[in-house]
Amino acid sequence: MWGKYAAFCAVLLLVVSTCVQTQPYISLAKPRRTPVLSEATKQQFQSLFDEGRRLLGTNKARQALKRFEDAVALAPTNSDAYANIGLCFLRLGQGEKAIAAFAESEKHNPAQAIALLKQGQLLDDLGRHEDAKAAFERLAVVEPDEPWSFYYLGLYAKTNASSNELSQSRAVQHFGRCGDLFKKKLQSRAAEQMSAQQRSHFTEIMGKCLIETQQFDKAFEAFDRSIADGNTFAHITKADALAQLDRMIEAASAYEAVRCSCTLRLVGKLTYITSILM
């Protein structure tokens with residue numbers, strides 16, 4: 001009798017298991033509804049949006065903000081409009097409001113890369129590194145060719161690298177990926193549309209990544225290209241890297257190259273290097 005009962009239970013378990021495995025997953029979450037706009041409303045929204053972009057492009061952030069706010073009043077789930085509101089607040093120096101706008105943009109479109117990037121950078125500037133790290137991790141998923149996410153993730157991993165071998169390995173991996181992606185950007189056709197300032201900045205950051213992956217010759221070549229494009233800060237980055245490698249005479253020369261700017265940082269660095277060499 002017990003044998004028959006056990007056999008019956010086994011068959012029942014098999015049937016239930018099969019049914020569970022073949023049932024499709026059904027989410028109980030209610031989908032977010034996107035309001036259907038009339039043609040007239042769509043045209044009005046687009047007109048406001050385009051005007052906002054034009055104003056933002058001419059550094060009239062306050063006027064642009066009003067256009068984008070009027071636009072989201074017509075289309076309250078439009079991710080692009082919220083992203084541009086965030087950019088306006090960023091230009092106006094209102095970081096917390098910018099973060100809130102970028103978060104709203106991401107809520108309506110989780111793949112909105114610009115909202116994730118700016119969220120992460122602002123959160124990092126405010127010292128909210130865990131929140132920033134989470135934003136960059138999301139960005140790395142939705143936009144795997146965005147180098148900035150890997151740059152910041154490399155910095156966070158580097159922070160823990162001294163006491164954690166796995167973090168050190170991850171830092172090198174992130175910086176390697178970042179350097180490759182910046183190189184790819186700089187060699188693409190899109191690079192022709194970049195300003196010299198943007199191109200030189202990307203080249204400088206690529207150099208930083210090359211330093212972290214111990215490709216020193218390539219790194220200093222990148223710094224020199226960035227300097228040639230007019231990036232004064234690349235002198236400082238190069239000098240810092242030389243100092244970290246104990247190449248003090250070369251570091252002193254690099255700091256001297258921008259001594260005329262007379263910032264406290266440069267004067268302090270030059271004094272420090274000189275005291276070591278004497």
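Gln119 is in contact with Ile99, Phe102, Ala103, Glu106 and Arg138, leaving aside its neighbours within four places in sequence. The model is predicted. Gln119 sits in helix α6, which spans residues 113–125. The protein has 278 residues, and 38% of them are buried. Its secondary structure comes to 14 helices and zero strands.

**Overall make-up**

- Read along the sequence, the pattern is α-α-α-α-α-α-α-α-α-α-α-α-α-α.
- Some contacts in the protein join residues at least 6 apart in sequence, and 45% of these link residues at least 24 apart.

**Gln119 and the α6–α7 pair**

- Gln119 has a relative accessibility of 6%. Buried means under 20%, so Gln119 counts as buried.
- Helix α7 covers residues 129–142, and α6 packs against α7 with the axes 8 Å apart.
- The angle between α6 and α7 is about 155 degrees. Angles over 145 degrees count as roughly antiparallel, so α6 is roughly antiparallel to α7.
- On the α6 side, the contact is made by Ala113, Leu116, Leu117, Gln119, Gly120, Gln121, Leu123 and Asp124.
- On the α7 side, the contact is made by His129, Asp131, Ala132, Ala135, Phe136, Arg138, Leu139 and Val142.
- The crossing of α6 and α7 is left-handed.

**The largest nonpolar core**

- The largest nonpolar core holds 64 residues.
- Leu56, Phe68, Ile85, Phe136, Trp148, Tyr151 and Phe182 touch the most other members of this core.
- Helix α8, residues 147–159, gives the most to this core, with seven residues.
- Phe68 is in contact with Phe49, Gly52, Arg53, Leu56, Ala81, Asn84, Ile85 and Cys88, leaving aside its neighbours within four places in sequence.
- Two of these partners, Leu56 and Ile85, are themselves among the core residues that touch the most other members.

**The α8–α10 pair**

- Helix α10 runs over residues 196–212 and packs with α8 at an angle of about 35 degrees.
- The axes of α8 and α10 are 12 Å apart.
- From α8, the contact is made by Trp148, Tyr151 and Lys158.
- From α10, the contact is made by His201, Phe202, Ile205, Lys208, Cys209 and Glu212.
- Trp148 and Tyr151 were also named among the core residues that touch the most other members.
- The crossing of α8 and α10 is left-handed.

**Cysteines**

- A search of the whole structure finds zero disulfides.
- The cysteine sulfur closest to that of Cys178 is in Cys209, at 3.0 Å. A disulfide needs the two sulfur atoms within 2.5 Å, so this pair is too far apart for a bond.
- Cys178 has a relative accessible area of 0%, so Cys178 is buried.
- Cys88, a contact of Phe68, is buried too, with a relative accessible area of 0%.
- Cys209 is one of the α10 residues that make the contact with α8.

**Lys66**

- Lys66 lies in helix α3, which covers residues 61–74.
- Lys66 counts as partly exposed, with 44% relative accessibility.
- Lys66 and Ile85 are 19 residues apart along the chain, and their C-alpha atoms are separated by 8.8 Å.
- Ile85 is also a contact of Phe68.

Key: Residues are numbered from 1 along each chain as its sequence is written. This is a predicted model: local features need pLDDT of at least 70, side-chain atom pairs count only at pLDDT 80 or more; totals for chains, interfaces and linings use all residues. Side-chain values use heavy atoms; hydrogens and water are left out. Helices (H or I, at least four residues) and strands (E, at least two) are DSSP runs, numbered from the N terminus. Buried means under 20% relative accessible area, exposed over 50%, partly exposed in between (1.4 Å probe, protein chains only). Contact means heavy atoms within 4.5 Å. A nonpolar core is a set of buried Ala, Val, Leu, Ile, Met, Phe, Trp, Tyr and Cys residues joined through side-chain atoms within 4.5 Å. Axes are lines fitted to C-alpha atoms, for helices over the stretch in contact, and angles run from 0 to 180 degrees between N-to-C directions. Angles under 35 degrees count as roughly parallel, over 145 as roughly antiparallel, 65 to 115 as roughly perpendicular and the rest as oblique. A crossing is left-handed if the near helix is turned anticlockwise from the far one by less than a right angle, and right-handed if clockwise.
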